[in-house]
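Dear colleague,

Please find the structure below, followed by my notes on what was found in it.

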Amino acid sequence: MSTATRRTRRVRPGSVVTGLLAWVVALVMFFPVLWMFVTGFKQESQAATDPPTWLFTPTLEQFRAILGRDFVPYLLNSLMASVGSTALVIVLATPAAYALSLAPVGRWKDSLFFFISTRMMPPVAIILPLYLMANNLGLLDNITMLSLIYTVMNLPIAVWMIRSFLLELPKEVLEAARVDGAAFGAEIRRIILPMIAPGLAATGLICFIFAWNEFFFAVSLTSTNAPTVPVFLTGFVTSEGLFLARLSAAATMAALPVILAGWVAQKWLVRGLSLGAVK
Amino acid sequence: MSTSLAAAPAATSRRRAPEPPKRTAAERWKRRGPLLPALLITILLTQLPLLGTLYYSLRSQNLLRPETNGFAGLSNYATVLGDEYFRAAVVNTLVLTASTVVLSMALGIAFAVLLDKKFLGRGVVRTLLITPFLVMPAAAALLWKHAMFNPLFGMLNWLLSVFGVDKIDWVSQFPMPSIVLMLTWQWTPFMMLIVLAGLQSQSTEILEAARVDGAGAWATFRRITLPHLRRFIELAILLGSIFVVQTFDPIFLITQGGPGQATTNLPFLIYQTTFRAFEVGEAAAAGVIVVVGTIVIATFALRVISSLFQEET
């Protein structure tokens, strides 16, 4: 028997089995998300049944009810906190990453590892002083304060990610720009920024994901003025009455922006999750 | 400046141009300029509060009873360490973190190995598999609580009823396994993505050579792939542990730490002590203890990141 025939015989059924297995696993993992999505389109009487209801006429009633129930202010707060903090993160992290890669400051490595270590600090360890600080400055229950915290929360990821994109720039381009006598600022604006724009977009998406999903700071530091979408969901903690369809509709709306952002950014997700350590 | 750089272990990298021996102070500050805003805001909102926590941990302070405020020395630490609730929370945190990290890592490796193969619709499968990590944790927690774990119409019991298992009240009867199950679902994609990145960074030449030499699939995986993956797995486990220790959302939303203290972990205990009992001093002392524990794990994590970092630069 030649190796070629042995290989086809061995590989082919294997890859079909692998494919099937992978699909089964993926559907099992995805099922809770799918179920959330589906249940949001049910009537309450169809949502909590035993056995589960698989076939039904979809309705937008729950989504309408949620939007009618003051959901919009929470949505706007979430948008302000996540988009605002993400913009600020990019503005702060890009120059910082530059100073830690292409034009390194002294002891750049210490700064780099300082950033990453702050991302590892448990939020509960600093919540009380932050609370008191916000209280004394009149920034409690304030979306600006929350945005600043999210900015600091995402800075390490952004610095590491952007730095990794900067280091991937072809050296020749940078040197050519310098030889041509491009001024410092012009070099950054005209040469570097356009080249790392996709990287910045990816970094922005990753930061948006973490800010949008954040719950602990939001629930500790906001109440009536600045609560975000995850705080809205705490209204569904108790299990009284029929509300599963409505919860699913709310959860779908809450989760959808980040699911989409994550799907778009999935190529760079691992770089963000590993704080830039793995590409 | 250059001497301190040289003193750092293997700090020199090929990518960096050799530093000019002497720069004026003005030049150095000009270089530091772009870094400073990010550095300052980070220090202001992380290091300053951490000092605040250290300060409060040494004080007897209750926000509701200001008359008792004063210096307390290490008595808060003694109270916290002697508190059976605190010790139960430490145990719960360890059990929760270890189970979640081990289970999600085992599944993550298995899924990554599957995804490393070629098959129809691999991109879609990958997209579906990362989704649990993207779902807002608060939404996921409530979804699991009401749609999956509910004893009467939860999907979990419906699934088990196919195998003739009676209705189980998951959150009351098996609080910790329920939380671990939900967290494993959430963290498996994280582990999977890092392991997959490791798998895909393997040199195909070496794998090809092994195949030509007649090594079986399992032998190749054990002898070549696993050693290569080691640092990726270490990194995923360490980062995963650091983040899973901080678990708050599902505890707050699914069990409120109960029944009794069964699922009260350290973040939730500290939250309760701070915002429900207003025992600022004790909460701060517990917070400092958590930071110390985290530093221990983080030291290892940073070492692994540092080694990946050396290799890449």
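How many residues of domain 1 of chain A are in contact with domain 2 of chain A? Five residues of domain 1 of chain A touch eight residues of domain 2 of chain A, where contact means heavy atoms within 4.5 Å.

Please bear in mind that this is a predicted model, in which local features need pLDDT of at least 70 and side-chain atom pairs count only at pLDDT 80 or more, while totals for chains, interfaces and linings use all residues. Residues are numbered from 1 along each chain as its sequence is written, chains are lettered from A and ligands numbered from 1 in the order in which they are written, and side-chain values use heavy atoms, with hydrogens and water left out.

The domain assignment of chain A gives domain 1 (3–39) and domain 2 (70–273), with bounds that come from an automatic or database domain assignment. Between them these domains bury about 460 Å², 80% of it on carbon and sulfur atoms; buried area is the accessible area (1.4 Å probe) that two parts lose on being put together, summed over both. Of the area that domain 1 buries against domain 2 in chain A, 83% is supplied by A:M36, A:F37 and A:T39, more than by any other three residues. Across this interface the rule finds zero salt bridges, a salt bridge being a side-chain nitrogen of Lys or Arg within 4 Å of a carboxyl oxygen of Asp or Glu.

In chain B, B:Q202 counts as buried because its relative accessibility is 11%, the cut-off for buried being under 20% relative accessible area (1.4 Å probe, protein chains only). Leaving aside neighbours within four places in sequence, B:Q202 is in contact with B:L207, B:I224, B:T225 and B:H228.

Notes: Buried means under 20% relative accessible area, exposed over 50%, partly exposed in between (1.4 Å probe, protein chains only).
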